Amino acid sequence: MISFDEASHTYRVGGLIKPSVTQVLDFMGRVSPFCKSNKAARFGTEIHSLLEHLDRGGLIEDDLPDDHLECLAQYKLYLRDIGPTFTDIEAVMYDKEFQVCGTVDRAGANPDFIMDIKTGSSIPESARLQTAAYARMRFPLTYELARRYCVQVNSKLKTYKIKTYEDPRDFIEWENICRQYWNETGKMS
C-alpha cells in the first residue's frame, strides 16, 4: 500500500518512508536551485492543482489571477491540439526494484505515454530522468516504448511548449543514479 502526505511530501510503502524521484535527483545534485525555490514550488503546485481540476472535470475559473488564467489557456490549447487520453492524473506510483516513489502528472495509452507539466521559465534538465523514472513505474514491462514528454505552461510564454525525450540511455542513467543513491544513503529496506 502506497500513501503520500502532501504537506510533508512524504511517501510511505507498507508504512516505511521511501524517497521520491525528486528527492533522489536532488540528493544526487540533479535538481537546479531554481526548482527548489519556495516561490516557484508554490506557483507550480497551484498550477498543477488547477490543471488537475480541469482534467477531472471540476474546474471553477472564477477569480483566478492573470498568470493562472494564462497557464490555463495554454494548457487548454495543448489539450485541443494534441487530444491526449489520460489513464492517470496525478497518480502516486512505486518502483519496487529501486524503492522509489513518485507522482506522475499524467499518463495515457494508445500509445503509452508519460507527460509531466512544468511551469517554470524553462524545462529543467532533470525532467528527462524524471519522466524515465515515471515510465518505469507506470509501464514496468514496456517502459522503453512509452512516449515521454513535458508540457511547459508559463504566463511569460505566448503558447505552451513540448519537450520530448527519446533517448533510451535515460533509463540506464536513472537506474545508475538509484544504485548510487542507495550506495551513498544505505541499504534499501
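Modeller: Let us start with Cys71, which counts as buried at 0% relative accessibility, where buried means under 20% relative accessible area, exposed over 50% and partly exposed in between, with a 1.4 Å probe and protein chains only. This is a predicted model, in which local features need pLDDT of at least 70 and side-chain atom pairs count only at pLDDT 80 or more, while totals for chains, interfaces and linings use all residues. Residues are numbered from 1 along each chain as its sequence is written, and side-chain values use heavy atoms, with hydrogens and water left out.

Colleague: Where is Cys71 found, and which residues does Cys71 touch, not counting those up to four places away in sequence?

Modeller: Cys71 is found in helix α3, helices being DSSP runs of H or I with at least four residues and strands runs of E with at least two, numbered from the N terminus. With contact taken as heavy atoms within 4.5 Å, and residues up to four places away in sequence not counted, Cys71 touches Phe43, Ile47, Val153, Asn154 and Ser155. Cys71 and Ile47 are 24 residues apart in sequence, and their C-alpha atoms are 7.4 Å apart in space.

Colleague: What makes α2 oblique to α3?

Modeller: Helix α2 (residues 38-55) and helix α3 (residues 66-82) pack at an angle of about 45 degrees, with their axes 10 Å apart. That angle makes α2 oblique to α3, because angles under 35 degrees count as roughly parallel, over 145 as roughly antiparallel, 65 to 115 as roughly perpendicular and the rest as oblique. The axes are lines fitted to C-alpha atoms, for helices over the stretch in contact, and angles run from 0 to 180 degrees between N-to-C directions. The crossing of α2 and α3 is right-handed, the term for a near helix turned clockwise from the far one by less than a right angle, with left-handed for anticlockwise.

Colleague: Which residues of α2 and α3 meet?

Modeller: Phe43, Glu46, Ile47, Leu50, Leu51, Leu54 and Asp55 in α2 meet Asp67, His68, Cys71, Leu72, Tyr75, Lys76 and Leu79 in α3. The residues of this contact of α2 with α3 divide into nine nonpolar, one polar and four charged, where Ala, Val, Leu, Ile, Met, Phe, Trp, Tyr, Cys and Pro count as nonpolar, Asp, Glu, Lys and Arg as charged, and the others, Gly among them, as polar.

Colleague: Why are α4 and α5 called roughly perpendicular to each other?

Modeller: The axes of α4 and α5 come within 9 Å and cross at roughly 85 degrees, and α4 and α5 are therefore roughly perpendicular to each other. Arg128, Leu129, Ala132, Ala133, Ala135 and Arg136 in α4 meet Asp170, Phe171, Glu173, Trp174, Glu175 and Ile177 in α5. By class, the contact of α4 with α5 has seven nonpolar, no polar and five charged residues.

Colleague: Which residues touch the most other members of the largest nonpolar core?

Modeller: A nonpolar core is a set of buried Ala, Val, Leu, Ile, Met, Phe, Trp, Tyr and Cys residues joined through side-chain atoms within 4.5 Å. Of the 27 residues in the largest such core, Val21, Val100 and Trp174 touch the most other members. The elements that give two or more residues to this core are α1 (21-27), β4 (86-95), β5 (100-108), α4 (127-138) and α5 (169-185). A second, separate core of 18 residues includes Leu64, Cys71, Phe86 and Ile117.

Colleague: How do you know whether Asn110 is buried or exposed, and what joins Asn110 and Pro111?

Modeller: At 77% relative accessibility, Asn110 counts as exposed, and Pro111 is exposed too, with a relative accessible area of 52%. A cis peptide bond joins Asn110 and Pro111, with omega about -5 degrees. Asn110 is found in the loop between β5 and β6, and phi of Asn110 is near 60 degrees, a positive value in a residue other than glycine.

Colleague: What makes Lys163 partly exposed?

Modeller: The relative accessible area of Lys163 is 40%, and Lys163 is therefore partly exposed. Lys163 lies in strand β8 (residues 161-165) and, not counting residues up to four places away in sequence, touches Ile123, Arg148, Tyr149 and Cys150.
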